Amino acid sequence: MTVLSDESCTRIIHSIKKETEVTILHYGATVISWKVNGVEQLFLSSASKLDGSRAVRGGIPLVFPRFGPPREEHSETVKLPQHGFARLAFWEVLGQCDDHTVQFGLGPEYLTKDLSSAWPYNFSLIYTVSLGETHLRVDMEVRNADTKPFEFNLLFHTYCRVDDVTKVAIKGLKGLKYIDKVRDDTKVESDDQLRVETEVDRVYMSAPSTLTLEDNGQARFRFCANNMADTVVWNPWSTKAGAMSDFEPKEAYKNMICVETGYVAQFVKLNAHTAWKGGMTIEALQ
Ligand code: TA6
């Protein structure tokens, strides 16, 4: 493997598997590209800002310490912006752990004053990105270095690239309770496979550790979660994609679907001077 870093990005390039590499933008520690055999696996909007002026629209933005918009009922995180601050900060490159793994770090000292005062805890995040022949593994360690407990959500907000979202089937969700954010309702999934024919924004709770995504009848991705509780599935469809200034080309909602592994329906409570770890592996099956 080769690891190349400049001021803005780190790239891990596979030494044997041709044209297989991952690129991580230091802003947000956002994976912005993952190629297997030269084929891009992730969606990245062509209008996405990569200069640190706003969160990246695509790749794998990191959601921490809260998921979704601020809510009055959770006073600890009510002052934070939507999806928290992890995707809005410049992370430190901690270095290479082995020849295919790089670690990034974030603590309060890397946040703007506004963000650190909105969530005034002493914490550190260690984010590990590891490239395999056909898989990408991401792991997060959350350390509470404070004298009091804190609560957090964490989510790998993964924008998968697909040929045709109307031909996608996500398997493994049957029987799970989910929050339907489009209909503002809670239901139980009755179908063997989730198909996307309109806007979808759902939080599946207590999701199994393995899910698969088929594209046009072919197995395309396998997601394996480690110590994560929930899976979010999101496609904005035409109207919402049209309303997002950083979503381009507008028709590209047909070529993406977010399958997001995380801990979002509940907060993880982390006691003082303890740590928590969770992660996800995505395997490209074609
Ligand atoms: O993970 C799904 C979601 O929470 C949706 O509700 C949707 O709005 C999306 O994330 C994108 O959020 P963003 O803040 O990146 O525009």
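A: Ser206 lies in the loop that runs between β17 (200–204) and β18 (210–215). Helices (H or I, at least four residues) and strands (E, at least two) are DSSP runs here, numbered from the N terminus. The model is predicted, so local features need pLDDT of at least 70 and side-chain atom pairs count only at pLDDT 80 or more, whereas totals for chains, interfaces and linings use all residues. Residues are numbered from 1 along each chain as its sequence is written, and side-chain values use heavy atoms, with hydrogens and water left out.

Although Ser206 is not a glycine, its phi is positive, at about 50°. The relative accessibility of Ser206 is 59%, so this residue counts as exposed (buried means under 20% relative accessible area, exposed over 50%, and partly exposed in between, with a 1.4 Å probe and protein chains only).

With a relative accessibility of 42%, Asn227 counts as partly exposed.

Phe64 and Pro65 are joined by a cis peptide bond with omega of about 0°, and Pro65 sits in the loop between β6 (62–63) and β7 (92–98). Glu248 and Pro249 are likewise joined by a cis peptide bond, with omega of about -10°; Pro249 is placed in the loop between α2 (237–243) and β21 (256–270).

The loop between β11 (150–156) and β12 (159–161) contains His157. At 6% relative accessibility, His157 counts as buried. Beyond its neighbours within four places in sequence, His157 is in contact with residues including Gly59, His83, Trp234 and Glu260, where contact means heavy atoms within 4.5 Å.

Asp180 is buried, with a relative accessible area of 1%, while Arg183 is partly exposed at 48%. Another salt bridge pairs Asp139 with Arg137, their closest N and O atoms being 2.7 Å apart; Asp139 is buried at 17%, and Arg137 is partly exposed at 35%. Arg54, Arg57 and Asp246 are joined in a network of salt bridges.

These parts belong to a protein whose secondary structure comes to two helices and 22 strands. The radius of gyration is 18 Å, close to the 19 Å from the globule rule for 286 residues, so the protein is as compact as a globular protein of that length (the radius is taken over C-alpha atoms, and the rule is 2.2 Å times the number of residues to the power 0.38). Of the 286 residues, 52% are buried. Among contacts with a separation of 6 or more, 63% are between residues 24 or more positions apart.

Technical notes:
A salt bridge is a side-chain nitrogen of Lys or Arg within 4 Å of a carboxyl oxygen of Asp or Glu.
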